[in-house]
Amino acid sequence: TLGWILTNQGSPETGLLLLRRAVGQGPNDPNIIYHLAAALNKTGQRNEAIKLLTPLVSSEAEFSEKAEARRLLNELSKS
């Protein structure tokens, strides 16, 4: 999504706004939830990112970026 591209190319605040909208439209997509958590982390909202990642990583749902989500949660949990 455009929100994810912006998050990774230096505009995480704008990306965050778009990703929040995307989650509102499809809240069950784990990839979008992971992208939102990453954007939250990049904008300094670590605790909110952890709140999203914890149930996402511990769920049985499989998604293409689950390993990345797990790595981000582990990194944030160590800080």
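Tutor: Let's start with Pro-30, which is buried, with a relative accessible area of 18%. Here buried means under 20% relative accessible area, exposed means over 50%, and partly exposed is in between, with a 1.4 Å probe and protein chains only. Bear in mind that this is a predicted model: local features need pLDDT of at least 70, side-chain atom pairs count only at pLDDT 80 or more, and totals for chains, interfaces and linings use all residues. Residues are numbered from 1 along each chain as its sequence is written, and side-chain values use heavy atoms, with hydrogens and water left out.

Pro-30 lies in helix α3, which covers residues 30-42, so that's the part to look at (helices are DSSP runs of H or I with at least four residues, strands are runs of E with at least two, and both are numbered from the N terminus). Setting aside residues up to four places away in sequence, Pro-30 touches Leu-56 and Phe-63; a contact means heavy atoms within 4.5 Å. There's also Ser-58, 28 residues from Pro-30 along the chain, with 12 Å between the two C-alpha atoms.

Now for the helix packing. Two packed helices are described by the angle between their axes and the distance between the axes. The axes are lines fitted to C-alpha atoms, for helices over the stretch in contact, and the angles run from 0 to 180 degrees between N-to-C directions.

Take helix α4 (residues 46-58): α3 packs with α4 at an angle of about 155 degrees, and their axes are 7 Å apart. The two are therefore roughly antiparallel to each other; the cut-offs are under 35 degrees for roughly parallel, over 145 for roughly antiparallel, 65 to 115 for roughly perpendicular, and oblique for the rest. The crossing of α3 and α4 is left-handed, meaning that the near helix is turned anticlockwise from the far one by less than a right angle, whereas clockwise would be right-handed. On the α3 side the contact uses Pro-30, Ile-33, Tyr-34, Leu-36, Ala-37, Leu-40 and Asn-41, and they meet Arg-46, Glu-48, Ala-49, Leu-52, Leu-53 and Leu-56 of α4. Sorted by class, that contact has ten nonpolar, one polar and two charged residues. Nonpolar covers Ala, Val, Leu, Ile, Met, Phe, Trp, Tyr, Cys and Pro, charged covers Asp, Glu, Lys and Arg, and the others, Gly among them, are polar.

Next comes α2. Its angle with α3 is about 150 degrees, with the axes 9 Å apart, and α2 and α3 are therefore roughly antiparallel too. This crossing is left-handed. Pro-12, Leu-16, Leu-19, Arg-20, Ala-22 and Val-23 in α2 meet Ile-32, Ile-33, His-35, Leu-36, Ala-39, Leu-40 and Lys-42 in α3. Those residues split into ten nonpolar, one polar and two charged.

Then there's helix α5 (residues 66-78), which packs against α3 at about 30 degrees with the axes 10 Å apart. That makes α3 roughly parallel to α5. From α3, Tyr-34, Ala-37, Ala-38 and Asn-41 make the contact, and from α5, Glu-68, Ala-69, Leu-72 and Leu-76. Six of these are nonpolar, one is polar and one is charged.

What about the inside? The largest nonpolar core has 23 residues, and Tyr-34, Leu-36, Leu-53, Leu-56, Ala-69, Leu-72 and Leu-76 touch the most other members. A core like this is a set of buried Ala, Val, Leu, Ile, Met, Phe, Trp, Tyr and Cys residues joined through side-chain atoms within 4.5 Å. Two or more residues each come from α2 (12-25), α3, α4 and α5, and α3 gives the largest share, eight residues.

Finally, look at Lys-42, which lies in α3 and is partly exposed, with a relative accessible area of 44%. Leaving out residues up to four places away in sequence, Lys-42 touches Thr-7, Asn-8 and Pro-12. Pro-12 is 30 residues from Lys-42 in sequence and 6.4 Å away, C-alpha to C-alpha. As for Thr-7, it lies in helix α1 (residues 2-8) and is buried, with a relative accessible area of 2%.
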